Amino acid sequence: MRKTLGMAALAAMLAGGAQAQSTADEIAKYREMIADGNPAELFEMEGESLWKTPRGPKKATLEQCDLGQGPGVVDGAFARMPRYFADTGRVQDLESRLLTCMETLQGIPASAVVDGDWNKGERKTMDALAAYVVTHSRGQKIQLDLANPQTRRMYELGKRAFHYRSGPMDFSCATCHGEDGKRIRLQDLPNLTHKEGAIAAWGSWPAYRVSNSQFWTMQHRLNDCFRQQRTAEPVFASEVTVALSVYMAATAQGGVLQTPGLKR
Amino acid sequence: MANPMRIRAAVKDGFTEVRVLMSHVMETGQRKDSSGALVPAHFITELTAKHNDKVVLSAQFGPSVSTNPYLSFKFEGGAKGDKIVVSWVDNKGDSRSDEAQIA
Amino acid sequence: MDHKRRDTLKAGGGLGIFGLLVAAGLIKPELAEAAWNKSAFEAKNLESALAALGAGKPGDSADVQLNTPDIAENGAVVPVGVISKLPNTEQIAILIEKNPNLLAAKFEIPAGTAAEVQTRVKMGQTSDIYAVVKADGKFYVTKKEVKVTLGGCGG
Amino acid sequence: MKAVSILRPALAALLAATAGLSAAAGEDYDAQVREMMQSSFKENGIASKYRQLQLDFQKTCSALVPPSAEAMRQIEAEQMQTVRWPADGKFFGDWKEGEKIAQSGRGLTWTDKAGESNGGGCYNCHQLAPQELSFGTIGPSLHRYGKLRGSDEGMVKYTWGKLWNAKAYNACSQMPRMGDAHILSEAQIKHVMAYLFDPASPVNQ
């Protein structure tokens, strides 16, 4: 019985495969057509203006924010993130580092973002700021400092978190993102355990999503991955989100950033 | 107040190609919010693009145009440094006008 | 000129935003007068939309090209390009048959502007898209089906 | 309710144990990850923090090194015990209802509410009816499922069991345990069965 089942399944799979290919070609054409004129540019413009606007109780701008390349240096900063910051003693991704800058420079408490709602208030500000910063690493190579022991530790944690199955559907990140050439519905799933897929994913988030006209940071992306994975909700900028980001960015090491991206 | 547009204009083969991204919700008036209430229609109705002082395109939009509208077109002539001005108004009377130089 | 403009601005209170834009020289008066074509944009079927555009029964034309994908990954953003090879093209309209309001956009093409526009539209479901072109006072049409799919996990 | 009260002290004990371990072992990443998978998450609506705890087979199937054939067989045997056969002996419902369940990917997220009927999410991973172009490829195509495989008792029972608990046939299968994990009700699984086997179902066209 096992044998007949295998043959039948194979025949059905081959029939489905040809159709899947022509659909994939059409979807590729669709994506090419919308690639020019990414509305993420609107968020980037807003982010640049917010970066330079005095805000918060301290009425300060973010122009002295140190994203790892020195105070105020935005160019190329995202290509080296997440990274270890001595002043906070933590490995930080872009969003958690922006939280630090907003808190120390502007006096805006991190809780305004961490406990906030998506697309509202300071979390919305965060979206625009991220759009601005990542645009200034577009075209640059992903270069994580993997010699740093703290970053290395986060990589190891991230890799294990990626494969951690739990919840009512037994899913882990790897369920959908552990193999080449898979799709959910029509959506291609990058294999994040290999370099090529990791570059496709890490290298194109944050991104504008046409389905809801929103700009999504990696924090937002990961949050919604976990939602669909049916876990509890990851806390904004929590250790697991940074660890997974280190795992993805390290796997994508050397790839070129196309940030900000344009997504379904 | 509405957020600024992003306007890019470049000369190519005797034509100036203009690409515009507008920041606008383009609400259809048919969508319900989380509480089930209808979100009122809010969309750009009219747009003009000018090269120096000459209208090079005018358009009317309905609510079927996508959120954060994109538009591209091209006109004859135009030189590097010339001014392109794009203006829109929406059904609530909000408006926005931005300019860019031909690159 | 300046004099006249100042006078118009002074009277600006009653002009509304569009009037102010005209007064400020941002928009030509001709455009302001060519008000938004309410009846065309609110038309619920192809016949009445074409009638409101003054297009009647346009003839098919291979000189009107509609550039869209065959399948849209998401109905919220469907790229649509229209190119007219007809001489003296003065107007291009994009209609989506199965949308609640068919007419999506209408472009006036002055002399010197290429009869070639690209924009993005929403589609509620798989539908024919029509490009209606007015050239030399006559209307022409071409259509193409775009399939709208459901992406993502649906969760 | 009873299960929760049993779990609560167990969770506290586990957390205390993992915290101790990570401090003692230094670079015991597995223990640190178990702790992180608790501390980085918060409850939201129906998505409780207990979801962060791993069942034994989930833990085995999360290891960076794939489990041994023996460990897999053991899991499969254990999971087979969970399969509940239809109480009235009837395996098939209405394929039209089955289609709706196959199409819907809703349910059990923190934006869903308790008591809502869940979808099966079948199309997320499988091709089924040929006219639905939007299908996933994580699982094999199930187009013409009944037509190609027939509907003898063995095939019907295998399919029911696979839907109830896919881990009974493949320990680390990516497919959720539709029946065992209370994602779908018995009645819903019958509808999905009809969608797969009924000669009139679009799946078999």
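Colleague: In which sense do β2(C) and strand β4 of chain C pair, and over how many bridges?

Modeller: Strands of a sheet pair through backbone hydrogen bonds, either parallel or antiparallel. In this predicted model, β2(C) and β4 (residues 78-84) of chain C pair in the antiparallel sense over 4 bridges. Two strands count as paired if DSSP finds at least two bridges between them; strands are DSSP runs of E with at least two residues, helices runs of H or I with at least four, both numbered from the N terminus. Asn67(C) stands opposite Gly81(C) in β4(C).

Colleague: What is the strand order of the open sheet?

Modeller: Its 6 strands run β1(B)-β2(B)-β5(B)-β7(C)-β4(C)-β2(C), with antiparallel pairing. At the edges stand β1 (6-12) of chain B and β2 (64-67) of chain C, each with a single partner strand, so one side of each has no neighbour in the sheet.

Colleague: What confidence does the predictor give?

Modeller: The complex has an ipTM of 0.80 and a pTM of 0.84. For single residues, pLDDT is the predictor's confidence from 0 to 100. Chain D has a mean pLDDT of 90, and 87% of its residues reach 70 or more. Over residues 1-26 of chain D, however, the pLDDT is below 50.

Colleague: How are residues and chains labelled, and which thresholds apply?

Modeller: Residues are numbered from 1 along each chain as its sequence is written, while chains are lettered from A and ligands numbered from 1 in the order in which they are written. Local features of this predicted model need pLDDT of at least 70 and side-chain atom pairs count only at pLDDT 80 or more, whereas totals for chains, interfaces and linings use all residues.

Note on methods:
Two residues are in contact if their C-beta atoms, placed from the backbone, lie within 7 Å.
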